[in-house]
Amino acid sequence: MTTSTADRSRDLSQSYDRLSADERMKAASDYLRGTIADGLLDRITGAVPSPDDVKLMKFHGIYQQDDRDLRDERRRQKLEPAYQFMIRVRLPGGVCTPAQWLKLDELARAHGGETLRLTTRQTFQFHWVLKDSLRPIIRGLHETLLDTVAACGDDSRGVMCTVDPQSSRFHAEVATMAKRVSDHVIPKTRAYHEIWYGDERVASSEPEEPFYGRTYMPRKFKIGFALPPSNDIDVYAQDLGFIAIGGPEGLEGFNVVIGGGMGRTDQAPRTYPRLASLIGFVPVDRVVACADAVMAVQRDYGDRKDRLHARFKYTIDDKGLDWIKAEIEKNMGATFDEARPFEFGTNGDSFGWNTTPDGCHHRTVFVQGGRLTLRLLDAMRDIARAHKGTFRLTPNQNLVIAGVEEGEKDAIESLLDAHDLSEEGISTLRKNAIACVAFPTCGLAMAESERYLPDLLTKIEKIVERHGLGDEAITVRTSGCPNGCSRPYIAEIALTGRAPGKYNLYLGGGFHGQRLNRMIRENVAEPAILEVLDDAIGRYAREREPGERFGDFCIRAGIVREVTEGRFFND
Ligand code: SRM
Ligand code: SF4
């Protein structure tokens with residue numbers, strides 16, 4: 001990766017007093033080793049005792065959590081919290097093989113509370129993992145060439161890629177590109193191999209992290225590849241997004257968008273969600289160099305003193321888009337071409353069977369809230385034993401049984417029937433709704449999300465039905481706090497948690513993720529939410545124009561004001 005720019009992150013790490021505590025911790029961590037290996041041996045606690053190691057483990061894809069349903073009771077009993085861990089797998093483009101699926105299944109049954117979670121960035125999470133199970137899981141994953149490196153932490157996270165098999169004839173090329181970029185931006189430290197696989201440390205005169213240096217990125221950095229007309233990955237929510245552009249001869253290159261991000265903090269008005277800005281076009285052979293160049297700008301100029309202000313979106317707004325673009329071009333050694341025309345149609349998934357020109361069949365399976373319960377695990381285990389293609393995880397937390405050959409289709413269909421896996425009777429509203437995890441595992445949750453969404457949808461479905469709207473496609477997303485892990489600020493209807501049972505309500509996002517929504521009610525309970533929705537959906541049923549989307553209607557009818565700047569502040 002690029003080392004041509006002065007590595008300001010390494011310069012800065014010399015003057016510790018100018019850096020935030022997290023930057024100092026990273027710099028002193030010996031390239032993410034810290035004392036994690038010792039902490040795993042501590043028998044006194046179910047936690048990893050050093051708070052610095054807890055942070056460093058995120059770079060290894062591991063979060064220390066505790067069961068929040070039990071927190072108060074355990075406090076009363078003077079017991080330590082019910083510590084457990086979440087492990088996130090690195091899975092570029094959300095693709096895995098049946099053998100990998102079977103291993104994930106086996107590990108989830110043995111060590112992960114008999115459940116797996118499909119995430120909004122197309123990967124698997126294990127929850128409910130005890131300290132002693134961390135190594136068995138990571139070594140088990142290694143057996144099928146999976147790992148959890150940089151699934152969290154201040155680095156480039158899992159690279160996303162459109163899954164919709166019908167979205168484009170360039171799908172395979174773009175998926176390969178996503179994997180290439182993911183492999184390229186992965187941290188190079190051997191700490192992971194030493195701690196989790198037990199590899200010996202090998203002395204080397206080579207720099208351990210030629211790109212990242214000792215302090216890695218100022219904050220998480222997210223990359224995604226979209227294939228119009230599908231914007232399932234929500235490209236405008238990525239720090240760096242590539243939008244595939246094809247021509248008569250094949251895939252020509254990508255439009256590049258930068259500076260997307262959802263996270264905001266209710267009490268910090270200077271934080272805001274932002275849509276990524278389009279800066280130009282790069283040909284296929286310049287994609288890796290472009291990723292390098294963009295990341296180098298954020299590495300060198302991102303805020304390393306204030307983590308609330310450290311995402312790339314703030315660097316861009318502080319320095320100016322033109323300045324940032326010029327720096328990227330300098331790093332890349334080339335200028336961007338003018339962006340090419342493209343059009344998105346939806347950010348949802350296409351359910352049922354789809355067939356691609358290569359004759360392969362693909363079946364999208366609905367997974368409510370991304371949660372693979374034991375019933376779904378049983379079904380998918382049987383399917384994985386019979387399936388010869390791949391599985392693809394969608395950014396809407398659903399699942400595609402992909403690459404099914406003609407001769408295999410009946411067998412898969414019979415297994416789906418045998419396990420009663422059918423989308424019949426499930427509304428379009430429900431099939432494309434997203435909920436973040438929230439309680440009981442997420443340490444930052446303020447309100448329920450995954451456990452609340454099914455009931456909330458039932459109530460919204462009733463409103464939609466009462467107003468005679470039929471099976472309407474309206475995007476609904478809930479997050480248990482304003483961090484926005486379900487990408488709520490681009491949904492047509494969104495709730496973000498404020499306190500148990502209380503949410504901010506947002507309306508007016510773009511149907512294919514192209515426009516931010518706006519808050520219409522702050523810190524309200526369900527009756528107030530349903531009242532607003534009843535009114536807005538009722539008006540939509542009566543006053544909408546042909547083909548008009550609910551989010552667009554909310555703007556046109558003046559229910560909320562349009563967000564025109566590509567970002568909104570707390571107002
Ligand atoms: Fe997220 C933190 C779950 C996608 C923005 N997110 C967390 C943590 C790790 C809580 C924590 O820091 O202790 C959550 C773990 C909960 C649990 O128990 O599993 C968590 N985020 C998730 C997942 C699992 C939600 C889901 O239900 O699928 C998603 C995992 C994605 C993955 O596979 O890598 C997930 N998180 C997102 C997204 C969506 C995306 O990237 O497309 C966002 C918004 C986009 C963005 O980054 O701006 C997102 N998560 C955050 C933030 C706010 C970041 C910010 O800039 O302010 C936090 C908090 C933080 O980083 O400080 C956070
Ligand atoms: Fe947790 Fe908040 Fe993310 Fe939901 S949005 S998973 S509550 S950090």
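Let's start with D234, which is buried because its relative accessible area is 0%. Buried here means under 20% relative accessible area, exposed means over 50%, and partly exposed is in between, with a 1.4 Å probe and protein chains only. You will find D234 in the loop between β7 and β8. Helices (H or I, at least four residues) and strands (E, at least two) are DSSP runs, numbered from the N terminus. D234 also has a positive phi of about 55°, although it is not a glycine. As background, most residues other than glycine have a negative phi, and most peptide bonds are trans.

Before I go on, a word on the ground rules. This is a predicted model, in which local features need pLDDT of at least 70 and side-chain atom pairs count only at pLDDT 80 or more, while totals for chains, interfaces and linings use all residues. Residues are numbered from 1 along each chain as its sequence is written, chains are lettered from A and ligands numbered from 1 in the order in which they are written, and side-chain values use heavy atoms, with hydrogens and water left out.

The peptide bond from P228 to P229 is cis, with omega near 10°. Another cis peptide bond joins F439 and P440, with omega about 5°, and P440 lies in the loop between β16 and α16.

There is also D30, whose phi is near 55°, a positive value in a residue other than glycine. D30 sits in the loop between α2 (21–27) and α3 (36–41).

Now for some strands. Two strands pair if DSSP finds at least two bridges between them. Strand β3 (residues 95–96) and strand β14 (residues 390–393) run antiparallel and are joined by two bridges, with V95 opposite R392 in β14. β14 in turn pairs with strand β15 (residues 399–404), again in the antiparallel sense, over four bridges. Here R392 faces V400 in β15, and L393 stands opposite L399. The hairpin of β14 and β15 has five residues between the strands, and one of them, Q397, takes a positive phi near 70°.

β15 has strand β12 (residues 361–365) as a partner as well: four bridges join them, and they run antiparallel. In that pairing, H361 is opposite V404 in β15. How many of the six residues of β15 are buried? Five of them are, so that the strand is mostly covered.

β17 and β18 pair in the parallel sense over four bridges, and T478 stands opposite L495 in β18.

Which residue is the only protein donor of the iron atom of ligand 1? It is C485, through SG, at 2.3 Å. Donors are N, O and S atoms within 2.8 Å of the metal (3.2 Å for Na, K and Ca), and water is not among the atoms, so sites may look incomplete. C485 is found in the loop between β17 (476–479) and β18 (493–499).

C485 is also one of the residues around ligand 2, and others there include C436, C442 and C481. A residue is near a molecule or strand if one of its heavy atoms lies within 4 Å of it. By class, the shell around ligand 2 has eight nonpolar, four polar and no charged residues. Ala, Val, Leu, Ile, Met, Phe, Trp, Tyr, Cys and Pro count as nonpolar, Asp, Glu, Lys and Arg as charged, and the others, Gly among them, as polar.

Last stop: V563, in the segment after α18 (550–556). V563 counts as buried because its relative accessibility is 7%. The C-alpha atoms of V563 and G508 are separated by 8.9 Å, and the two residues are 55 apart along the chain.
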